[in-house]
Amino acid sequence: MNSGFTHITVLLEEAVEALAVRADGCYLDGTFGRGGHSRLILQNLGPDGRLLGFDKDPQAIATGQALAAEDGRFVIVQRSFAELGSEALARGLAGKVSGVLLDLGVSSPQLDDPERGFSFMNDGPLDMRMDPSRGISAAEFVNTASAEEIARVFKEYGEERFARRMAGAVVARRDTQPFERTADLAEVLKVANPAWEKGKNPATRAFQGLRIHVNNELGDLEAGLDAALENLEVGGRLVVISFHSLEDRIVKLFMRKLVKGEADNMPRNLPIRHQAFEPRIKIIGKAQFASDDETRVNPRSRSAVMRVAEKLR
Ligand SMILES: C[S@@+](CC[C@H](N)C(=O)[O-])C[C@H]1O[C@@H](n2cnc3c(N)ncnc32)[C@H](O)[C@@H]1O
């Protein structure tokens with residue numbers, strides 16, 4: 001199942017270097033995509049190394065199966081990385097994983113193929129699911145949810161200032177004609193948005209909100225981070241690449257809490273014994289961004305932020 005759409009891997013060398021791949025280690029790529037990171041991990045693994053890939057997307061899985069047929073060290077499963085704990089347990093890898101990579105969000109083929117229904121630029125069926133066989137599509141959501149719920153999704157996940165107004169327009173229109181196509185929804189959102197930002201389609205934020213909601217992206221991220229921590233061996237690395245501030249905030253707070261404990265969130269004047277908290281991870285380096293060379297070749301990498309941690313206990 002080759003759709004003909006390609007994905008340029010972001011922070012390829014940097015992410016694999018951050019994993020500090022051991023030749024005989026066992027690694028998890030939570031977001032296989034088209035396997036850019038996976039292939040480089042495999043190049044760094046010896047004959048006894050193993051790599052387990054996850055993706056929700058059937059086209060990514062087809063690419064992964066082709067790779068698995070060529071390379072016996074690699075296996076792919078069609079699951080969310082949120083479930084990596086039960087997959088690791090079933091494979092006898094619980095607590096023995098040498099490194100986990102999460103390169104979050106959608107792949108270029110998902111965005112570029114209008115038939116996947118993510119695009120406000122190219123008309124297609126309003127779907128937006130990474131795994132179209134599970135959950136509800138974006139069309140089902142906008143045609144059935146309450147105005148309040150739609151507004152919450154636009155606001156919380158899209159950071160759209162005019163969320164209520166835009167959700168109201170969606171609900172008013174669907175009563176006469178339900179939404180089926182991306183261009184139709186984009187047009188209604190565009191008309192309802194009173195403040196167009198320069199160089200940005202007025203439906204961008206609402207579409208981002210819908211995509212995050214339909215795929216439970218933030219919920220999966222929180223569950224995936226917890227599962228990664230539990231399943232890493234001591235000394236194992238966690239490498240996460242985020243593409244927007246909502247994701248990066250979750251990653252940053254997750255790592256900070258494991259370094260400083262809950263005390264970090266409390267007022268500074270409380271008599272908390274900081275030394276009572278033993279860090280579970282150490283943070284490796286600073287947040288890393290794509291180089292100028294990379295952003296020139298691949299504009300999508302402009303928003304990428306990579307954070308790396310190592311498990312201490
Ligand atoms: C940015 S792409 C990854 C690209 C990949 N690193 C590469 O080099 O080809 C993100 C991929 O992760 C998948 N994905 C996103 N969230 C997921 C989740 N919770 N569980 C499994 N796969 C997920 C998407 O379907 C997409 O294929």
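Predicted model: local features only at pLDDT ≥ 70, side-chain atom pairs only at ≥ 80, totals over all residues.
Biologist: Which residues of H10 does H7 meet?

Modeller: Helices here are DSSP runs (H or I, at least four residues), numbered from the N terminus. H7 spans residues 147-157 and H10 spans residues 204-214. From H7, the contact draws on Glu 149, Arg 152, Val 153, Phe 154 and Tyr 157. Their partners in H10 are Ala 206, Gln 208, Gly 209, Leu 210, Ile 212 and His 213.

Biologist: How are H7 and H10 oriented to each other?

Modeller: The axes, lines fitted to C-alpha atoms over the stretch in contact, are 7 Å apart, and the helices pack at about 100° on a scale from 0 to 180 degrees between N-to-C directions. Angles of 65 to 115 degrees count as roughly perpendicular, those under 35 as roughly parallel, those over 145 as roughly antiparallel and the rest as oblique. H7 is therefore, relative to H10, roughly perpendicular.

Biologist: Are H7 and H8 parallel or oblique to each other?

Modeller: H8 covers residues 163-174, and its axis comes within 8 Å of that of H7. The two axes cross at roughly 135°. H7 and H8 are therefore oblique.

Biologist: How many nonpolar residues does the contact of H7 with H8 have?

Modeller: H7 contributes Ala 147, Ile 150, Ala 151, Phe 154 and Lys 155, while H8 contributes Ala 163, Arg 164, Met 166, Ala 167, Val 170, Val 171 and Arg 174. Of these residues, three are charged and no residue is polar. The nonpolar residues number nine.

Biologist: At what angle do the axes of H1 and H2 cross?

Modeller: H1 (residues 12-19) and H2 (residues 36-44) have axes that come within 10 Å. Leu 12, Glu 13, Ala 15, Val 16 and Leu 19 of H1 meet Gly 36, His 37, Leu 40, Ile 41 and Asn 44 of H2. The axes cross at roughly 50°.

Biologist: Which residue has a polar side-chain atom 3.1 Å from a nitrogen atom of the ligand?

Modeller: The ligand is surrounded by 25 residues, the closest being Thr 9, Arg 34, His 37, Asp 55 and Asp 103. A polar side-chain atom of Thr 9 lies 2.7 Å from a ligand oxygen atom, and a backbone N or O atom of Gly 35 lies 3.2 Å from an oxygen atom of the ligand. The residue with a polar side-chain atom 3.1 Å from a ligand nitrogen atom is Asp 220.

Notes
Residues numbered from 1 in each chain as written. Heavy atoms only, no water. Helix = DSSP H or I, 4+ residues; strand = E, 2+ residues; numbered from the N terminus. Contact = heavy atoms within 4.5 Å. Nonpolar A, V, L, I, M, F, W, Y, C, P; charged D, E, K, R; others polar. Near = heavy atom within 4 Å. Polar contact = N/O pair within 3.5 Å; in protein donor to acceptor, adjacent residues only side chain to side chain.
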